[in-house]
Amino acid sequence: ELNHYVYFYHFKFSTLKEPSLWFTEGLAEYFGKSEYRLESINSSNINLNRSSSVPAGHEYWVGYTALLYIENKYSEKAVYSVATNSYTMPLEKATKDAVGIGLNEWNSGWENFIREIDK
């Protein structure tokens, strides 16, 4: 919960719409090193670009693994950059500025990533 506090303390509510729940829960799980979330992987037609496609209760493992994908593909520093960018930018822009990809590309790479780690 402290991860949520820190994130939302810096988040610019006055100019931004709150990011998808999978992202904010994922940050808390990622920075909390919640490896047990890997046990919940269920690659059932989820799209990071459509928050409505993440079933209730799945936002934890989805967000955690989405950020693990960014770490694995780019770096741990890239995860920090996406997070800090998202304080002041919409998530699409935050990821493009941090790692050069938008949510559609993130989703494609993440889908392949979770198929690999779910074997």
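Tutor: Residues are numbered from 1 along each chain as its sequence is written. In this predicted model local features need pLDDT of at least 70, side-chain atom pairs count only at pLDDT 80 or more, totals for chains, interfaces and linings use all residues, and side-chain values use heavy atoms, with hydrogens and water left out.

Student: Why are helix 3 and helix 6 called roughly perpendicular to each other?

Tutor: The axes of helix 3 (residues 59-73) and helix 6 (residues 103-117) cross at roughly 100° and come within 9 Å. Roughly perpendicular covers 65 to 115 degrees, and therefore the term applies to helix 3 and helix 6.

Student: Which residues of helix 6 make the contact with helix 3?

Tutor: Contact means heavy atoms within 4.5 Å. W106, G109, W110, F113, I114 and I117 of helix 6 make the contact, and helix 3 contributes residues including W61 and Y69.

Student: What makes E29 buried?

Tutor: E29, in helix 2 (residues 21-31), has a relative accessible area of 9%. Buried means under 20% relative accessible area (1.4 Å probe, protein chains only), so E29 is buried.

Student: How do you know that a polar contact joins the side chains of E29 and R37?

Tutor: The value is 2.9 Å. A polar contact is a pair of N or O atoms within 3.5 Å; within protein, one must be able to donate a hydrogen and the other to accept it, and residues adjacent in sequence count only if both atoms are side-chain atoms. A polar contact of 2.9 Å also joins the side chains of E29 and S34.

Notes
Axes are lines fitted to C-alpha atoms, for helices over the stretch in contact, and angles run from 0 to 180 degrees between N-to-C directions. Helices (H or I, at least four residues) and strands (E, at least two) are DSSP runs, numbered from the N terminus. Angles under 35 degrees count as roughly parallel, over 145 as roughly antiparallel, 65 to 115 as roughly perpendicular and the rest as oblique. Buried means under 20% relative accessible area, exposed over 50%, partly exposed in between (1.4 Å probe, protein chains only).
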